[in-house]
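Thanks for coming. I will take you through one structure, a few residues at a time. Please look at the display first.

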Amino acid sequence: MRIVVIAFLLMIVASLASALFLLMRDRDAAGGTRVARALAIRVGQSLTLFALLMAGFATGLIEGRL
């Protein structure tokens, strides 16, 4: 489970970095849409990670510590 959490955290950071890259590179209106999409993906990944952690605690796959 620890590897899954670390993988999700790395994907979240990568999505945030791609949004920053798009923000710096694209200065037109279409670039704003791409940045918003990248940030929306990051929020979705964060919510998925939270749900997985809650499910892991509820089922007993995760004990007190990771």
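Where is I41 found? I41 is found in helix 2. Before going on, note that this is a predicted model. I41 has a relative accessibility of 45%, so it counts as partly exposed. Compare its place with that of A14: in sequence I41 and A14 are 27 residues apart, and in space their C-alpha atoms are 11 Å apart.

Now helix 1. Helix 1 covers residues 2-25. Its length can be checked. With 24 residues at 1.5 Å a residue, helix 1 should span 34 Å, and its end C-alpha atoms are 35 Å apart, so the two values agree.

Which residues of helix 1 are buried? They are V5, F8, I12, S15, A19 and L22. As for spacing, here is a general point. An α-helix has 3.6 residues a turn, so residues three or four places apart point the same way.

Let me stay with one of the buried residues, S15. S15 has 7% relative accessibility, and the limit for buried is under 20%, so S15 counts as buried. What does the side chain of S15 reach? It reaches the backbone oxygen of A38, at 3.0 Å. Setting aside neighbours within four places in sequence, S15 is in contact with A38, I41, R42 and Q45.

Q45 lies in helix 2, which runs over residues 29-59. Is Q45 buried or exposed? Its relative accessible area is 16%, so Q45 is buried. Not counting residues up to four places away in sequence, Q45 touches F8, M11, I12 and S15. Of these, F8, I12 and S15 are among the buried residues of helix 1.

Further along helix 1 there is L23. L23 is partly exposed, with a relative accessible area of 47%. L23 and V35 are 12 residues apart in sequence, and their C-alpha atoms are 6.1 Å apart in space.

Last, the surface. Which residues form a nonpolar patch there? M1, V4 and L52 do, and together they have about 220 Å² of accessible area. M1 lies in the segment before helix 1. The relative accessible area of M1 is 39%, so M1 is partly exposed.

Key: Residues are numbered from 1 along each chain as its sequence is written. This is a predicted model: local features need pLDDT of at least 70, side-chain atom pairs count only at pLDDT 80 or more; totals for chains, interfaces and linings use all residues. Side-chain values use heavy atoms; hydrogens and water are left out. Helices (H or I, at least four residues) and strands (E, at least two) are DSSP runs, numbered from the N terminus. Buried means under 20% relative accessible area, exposed over 50%, partly exposed in between (1.4 Å probe, protein chains only). A polar contact is a pair of N or O atoms within 3.5 Å; within protein, one must be able to donate a hydrogen and the other to accept it, and residues adjacent in sequence count only if both atoms are side-chain atoms. Contact means heavy atoms within 4.5 Å. Patches are made of residues with over 30% relative accessible area and no salt bridge: like charges are joined within 9 Å, nonpolar side chains (Val, Leu, Ile, Met, Phe, Trp, Tyr) within 5 Å. Accessible areas come from the Shrake-Rupley method with a 1.4 Å probe; for residues, only the protein chains shown count as cover. A salt bridge is a side-chain nitrogen of Lys or Arg within 4 Å of a carboxyl oxygen of Asp or Glu. The expected span of a helix is 1.5 Å times one less than its number of residues.
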